[in-house]
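Subject: A structure for you to look through

Hi there,

Here is the structure I promised to pass on. Have a look at it first, and then read on for what was found in it.

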Amino acid sequence: MLPYGRQSISDDDVEAVTAVLGSDWLTTGPAVTRFEDDLSAHSGGHGVVAVTSGTAALHVAYAAAGIGPGDDVVTSPLTFVATASAAALLGARVIFADVSEDTGNLDPGAAKAALTPATKVVAGVDYAGHPIDAEPLRALAHDAGALLLEDAAHSVGGRWQGRPVGDLADLTTLSFFPTKNLTTAEGGAVVSPSESLTAGARSFRNHGLVRDPGALRFPDEGPWHQEVHAFGLNYRLPDVLAALGSSQLTRLEAFSARRAEIHARYDTALADVAEVRTPSRREGAEPAWHLYPLRVLDGRRRALFEFLRERGIGVQVNYVPAYWHPVFADLGYRRGLCPVAEEYYRQEVSLPLFPALADDDVDRVSALVREFFGYGG
Ligand SMILES: *Cc1c(COP(=O)(O)O)cnc(C)c1O
């Protein structure tokens, strides 16, 4: 089966990991600091907190934003459920706002209409790698006294109006799962231009432990003493994985370029197929394409999915609207809430996309899509 996404691991990656395995620090060591610095250079020069997954990054970011019971989080339903569930787990109420029909990203008009006096975070998602409409979202969030969070699990290395992902929102979260644009096996990060949000993220990542003698409530306890001022968890990314991240980062531009090439190749091959719609790109966007979300306009999305799977093409669907998950349905969220996102979901199928995908494979997948819709070779 040709997978829809796959990591690219080089000899240098293997060497970087092996070197750390023989060092003194498997975790909480210098490779983590280095990865955070390296990542910062690719995401606007801001503070970076490396964590154990993209889901952990969301949990940490919402916690740093002070999200808790009584707070509302406005977000997109066209995402992996973690964008919403991490906020719900902290006790927030999640309010889903609809997406723009071209990019599938949180629509600023819908987000604005969904704001409440209790909204503390507006969370957009860089769907498929296309950055969110950052300016209006940031403005409407800030006008409401809320923060803008960008779930950039798909878009590390992307740019919007010349600014890198990481430089667009108050909090940006990344994922380094193997199918994503950069991998540490499991891993993620929180990026923020705010020192206090970065400090909050660091604290939550490490049990909320305070060691700075000047900040201790009971400084006379003894030289061993450290104390917890706010609850946190252990979301520390090990050095072993951070080293893989630093090594991968040296190829981020090459990964993004190859992903863009494949995207363009699918676009060209499928341009005349009237039954499908190829992905949109807004003026000013330089997406770090993570997905190739093809939209099937004639109602045969499922048939195309099965046709391709039967022929060994590992297509995916991204995503079932988050509030269709029974955990949200049981809380009273009803189908029909965000019709544009639901329509997007009904049409969407993700074609294989990863840097090592050969042109021949892209052509084979494209030819099968054409065959399915009755377009000859
Ligand atoms: C992958 C993903 C996550 C979660 O990241 P993990 O590293 O798998 O925990 C969150 N949001 C989006 C949009 C994702 O694609």
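Before anything else, a word on "domain": the bounds used here come from an automatic or database domain assignment. Please also keep in mind that this is a predicted model.

**The two domains**

For this protein, the assignment gives domain 1, covering 11-249, and domain 2, covering 252-372. If you take the C-alpha centres of domain 1 and domain 2, they lie 26 Å apart. Where the two meet, 41 residues of domain 1 are in contact with 36 residues of domain 2.

The size of an interface is often given as the accessible area lost when the parts come together. Between domain 1 and domain 2, the buried area is about 3200 Å², and carbon and sulfur atoms give 59% of that. On the domain 1 side, look for Phe96, Tyr127 and Asn181: they supply 18% of the area that domain 1 buries against domain 2, more than any other three residues.

**Helices that pack together**

Two packed helices are described by the angle between their axes and the distance between the axes.

Start with helix α2 (residues 30-42) and helix α8 (residues 239-249), whose axes cross at roughly 30° and come within 8 Å. Angles under 35 degrees count as roughly parallel, and α2 and α8 are therefore roughly parallel to each other. Their crossing is left-handed. From α2, the contact involves Pro30, Ala31, Val32, Arg34, Phe35, Asp38, Leu39 and His42, while α8 brings Asp239, Ala242, Ala243, Gly245, Ser246 and Leu249. Sorted by class, the residues of this contact are 8 nonpolar, 3 polar and 3 charged.

Next comes helix α3 (residues 54-64), which packs against helix α4 (residues 82-89) at an angle of about 45°, with the axes 9 Å apart. That angle makes α3 oblique to α4. The crossing of α3 and α4 is right-handed. Here Thr55, Leu58, His59 and Tyr62 of α3 touch Ala82, Thr83, Ala86 and Ala87 of α4. The residues in this contact divide into 5 nonpolar and 3 polar, with no charged ones.

Helix α3 also has a contact with helix α7 (residues 195-205): the axes of α3 and α7 come within 8 Å and cross at roughly 125°. These two helices are therefore oblique to each other, and their crossing is right-handed. Which residues meet here? In α3 they are His59, Val60, Ala63 and Ala64, and in α7 they are Leu197, Gly200, Ala201 and Phe204. The contact of α3 with α7 has 6 nonpolar and 2 polar residues, and no charged ones. Notice that His59 turns up in the contact of α3 with α4 and again in the contact of α3 with α7.

**Two spots in the backbone**

Where is the cis peptide bond that joins a residue to Tyr319? Its partner is Asn318, and omega there is about 0°. You will find Tyr319 in the loop between α10 (301-310) and α11 (326-329).

The other spot is Ala128, which has a phi near 65°, a positive value in a residue other than glycine. Ala128 sits in the loop between β4 (119-125) and α6 (134-143).

Enjoy exploring, and write back with any questions!

Best wishes

Key. Residues are numbered from 1 along each chain as its sequence is written. This is a predicted model: local features need pLDDT of at least 70, side-chain atom pairs count only at pLDDT 80 or more; totals for chains, interfaces and linings use all residues. Side-chain values use heavy atoms; hydrogens and water are left out. Axes are lines fitted to C-alpha atoms, for helices over the stretch in contact, and angles run from 0 to 180 degrees between N-to-C directions. Helices (H or I, at least four residues) and strands (E, at least two) are DSSP runs, numbered from the N terminus. Angles under 35 degrees count as roughly parallel, over 145 as roughly antiparallel, 65 to 115 as roughly perpendicular and the rest as oblique. A crossing is left-handed if the near helix is turned anticlockwise from the far one by less than a right angle, and right-handed if clockwise. Contact means heavy atoms within 4.5 Å. Ala, Val, Leu, Ile, Met, Phe, Trp, Tyr, Cys and Pro count as nonpolar, Asp, Glu, Lys and Arg as charged, and the others, Gly among them, as polar. Buried area is the accessible area (1.4 Å probe) that two parts lose on being put together, summed over both.
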